[in-house]
Amino acid sequence: MIETEYSKVSFFQQYSDRNQGVIGALMLVLVVMIALFAPWIAPYDPYVPVSATTEDVLAPPSREHPLGQDEVGRDVLSQVIYGARISLLVGFAASLLTILLGCTIGLVSGFAGGRVDTFLMRITDGVLVIPTLPLMLVIIAVAGRGIGLIILVIGLFSWPYTARVVRAQVFSVKERQFVMRARAIGVSSFGIMMVHILPQVLPVIFASATLDISAAILAEAGLAFLGLGDPTLISWGSMLNRAFSRGAVSSGAWWYLVPPGFMLVWVTLGLNLVSNTIQEIINPRLRTHHLFDERKITSLLGRLGSQLSSASSPRGTKQ
Amino acid sequence: MNTIGNVSRRALFNLITLAAVVTFNFFLFRVVPGDPVAMMASPRMKPETKELIRQQFGLDKPLWINMPAMREEGKLSSLFDSQFYYYLRNLARGDLGQSFRQKMPVVELIGSRIGLTLLLILTGQFIGVLFGTALGILAAWKARSKTDVTIQFFGLIAWSMPSFWLGIILLTLARGYFPSGGYITLGVSYANTFEPWLDIARHLFLPAMTLALLLFGSYVLIVRNSTLEVLSEDYILTAKAKGLSSFQVLWKHALKNASLPLVTIIAMDLGYALGGAIQIETIFSWPGLGRLMFEAIGQRDYPVLQGVFLLLAVSVIFANFLADLTYSLLDPRVED
């Protein structure tokens, strides 16, 4: 009887063997460090108003300001560093809510099956088809732009995907021998769920959590860019909103436009790399296939090339 | 499960979702603190105009159901003499209210903008799907080769890129080569019938490319993974054993099966594409629905915001329903 349980040792070993996973994790560690140590790294405190002259407005990079200055003369580098805090805060807080909701619904739905499952999945599908950004947009435009509400709204409407993935994994686990055995010796449903099923579902949860975090960070940035961020806080999205609406494009102030977006790509790319790696480990079908043979591929390419050229030659001779 | 029963069951669930969205849309704009009229009307409006709005939306009536009226008049129909009923009735008549900034009905405003959003979304989707599918299959076929890694890398970057930032970068880079906003050059007379289209195409290029890149990132990774999964099926081995070339296997067996998830994903991504379109239209001043929504936020033009959101939600729900049906037609394995 072969049972593919993920043992922890082999999972981490497999993970650390993959370059893209290690690179992704390192990229994330760097951003978390920047956010944690922002006050020590940043040359200025971006929340303190500055007295600026006209020469400071959208000033290019200089010795005092390595990434130049914004439309009111504040240091861009410091804003980028402090912005990491807001983006990560929203990312982690909102995705925590997403994961809690998604996991609970996915676990219950998959484990209970039957009518409970049908009912919960209808709700999940219902929420899944509502366009998220427009929905968040109208709620925040009407109800206010506080950071708490932004986190709540992102978290409340992003869980369906997680719920679906977790449910599918529970279905694939719950009929296995060790669950049957636990059931036979009288372990309670809750006990089976927590002790036997949850650990098997964890890698899937982790993979979708990384995607949830990046989705939450991008959602906050998107809202802030459209002018719906918390007006009292500096995030990468709100920086881009100010940069775009205060003429950084027309004056070519790349030092103001590029860094916040670069950081957004950096974080989401890091998270996507991590998620990709986990998915590759837990889904063996993504590793190899029946057409997979290095030598054949090269010879095939040659054949394909000759096929293409022979297919195009008749037209050539006609002309 | 027979097909008709299946279709009507799906239709019913989508109708329930739709009803939930319509109800939500109503309550969101009423439940928030403050006088609904003050929220729906601009403060500079005359008292008579405000009274007109009050009547039009039945704002002097109770929110949900009118219990007092039913008791007084003793008729069941008086129960529905409420704000929610007025909202539904206006909706059924295709009346989404009046934009108070643009001085015209919301429906007309949407009608004048919807074509441009469709043009943008369709062009972006077409290019995104075309390149996403082609390169996704190529990457799966040559899994773990240099080609695969390169395609995956660019796919991941495109996927990780916030659409608005990508738009800003393209806008900054292409300054001078392409028009920076609008959909047509103002105050120009055209020499022939082709020139206006050429002009629109030049304006469309940057926003459509931004959207296409955004969608490409999502499609290429999905197609790659679903092709990989198909290629590890036993029927692929059978096809190989029959002596078909890899190219034939890819074309006849893999492409067809791997493109199945794409049907659902294109529909599911419509919401994502619309979200991207809001940001992209804002950046390129492309006067579609997204730009309209952005302007409505800035001007606190709530009827417009409410109307556009409803339209977007309804279209996405409908697209998903269609995708569901198509999928079950294409793949007989899907029963539920």
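## Domains of chain B

Into which domains is chain B divided? Chain B has domain 1 (2-92) and domain 2 (106-330), with bounds that come from an automatic or database domain assignment. Before going on, please note that this is a predicted model, in which local features need pLDDT of at least 70, side-chain atom pairs count only at pLDDT 80 or more, and totals for chains, interfaces and linings use all residues. Residues are numbered from 1 along each chain as its sequence is written, while chains are lettered from A and ligands numbered from 1 in the order in which they are written.

Taken over C-alpha atoms, the centres of domain 1 and domain 2 of chain B are separated by 35 Å. Twelve residues from domain 1 of chain B and twelve residues from domain 2 of chain B make the contact; two residues are in contact if their C-beta atoms, placed from the backbone, lie within 7 Å. On the domain 1 side, α1 (3-31) and α2 (36-40) of chain B are the elements that give two or more residues, and α1(B) has the largest share, ten residues. That side divides into seven nonpolar, four polar and one charged residues. Here Ala, Val, Leu, Ile, Met, Phe, Trp, Tyr, Cys and Pro count as nonpolar, Asp, Glu, Lys and Arg as charged, and the others, Gly among them, as polar.

Chain B holds 14 helices and two strands. Both kinds of element are DSSP runs numbered from the N terminus: helices are H or I with at least four residues, strands are E with at least two. The C-alpha atoms of chain B fill a box of roughly 85 × 60 × 40 Å along the principal axes. Of its 336 residues, 39% count as buried, a label for residues with 20 or more other C-beta atoms within 10 Å of their own; exposed stands for 12 or fewer and partly exposed for anything in between, with C-beta atoms placed from the backbone. Among the contacts in chain B between residues at least 6 apart in sequence, 70% join residues at least 24 apart.

Chain A has 13 helices and zero strands. Of the 319 residues of chain A, 44% count as buried. For contacts in chain A with a separation of 6 or more, residues 24 or more positions apart account for 73%.

## Where the chains meet

Between the chains, 43 residues of chain A are in contact with 50 residues of chain B. On the chain A side, at least two residues each are supplied by α5, α6 (132-143), α10 (189-225), α11 (236-245), α12 (254-282) and α13 (294-318). By class, this side of chain A has 31 nonpolar, ten polar and two charged residues.

One of these helices, α12(A), is mostly covered, with 23 of its 29 residues buried. The 29 residues of α12(A) should span 42 Å at 1.5 Å a residue, and the end C-alpha atoms are 41 Å apart, which agrees; the expected span is 1.5 Å times one less than the number of residues.

## Helices α4 and α5 of chain A

Two packed helices are described by the angle between their axes and the distance between the axes. For helix α4 (residues 76-112) of chain A and α5(A), the axes come within 7 Å and cross at roughly 145°. These axes are lines fitted to C-alpha atoms over the stretch in contact, and angles run from 0 to 180 degrees between N-to-C directions. The crossing is left-handed, which means that the near helix is turned anticlockwise from the far one by less than a right angle, clockwise being right-handed.

From α4(A), the contact takes Ile105(A), Val108(A), Ser109(A) and Ala112(A); from α5(A), it takes Gly114(A), Val116(A), Asp117(A), Leu120(A), Met121(A) and Thr124(A). The classes here are six nonpolar, three polar and one charged. Asp117(A) lies in helix α5 (residues 114-129) and touches Ser109(A) and Ala112(A), not counting residues up to four places away in sequence. Asp117(A) is partly exposed because 17 other C-beta atoms lie within 10 Å.

## Positive phi in chain B

Most residues other than glycine have a negative phi. Arg144(B), however, has a positive phi of about 70°. Arg144(B) sits in the loop between α6 (106-141) and α7 (146-160) of chain B, and counts as partly exposed with 13 C-beta neighbours inside 10 Å.

Ser285(B) also has a positive phi, near 45°. Its place is the loop between α12 (260-283) and α13 (289-299) of chain B. Ser285(B) is partly exposed, with 15 C-beta neighbours inside 10 Å.
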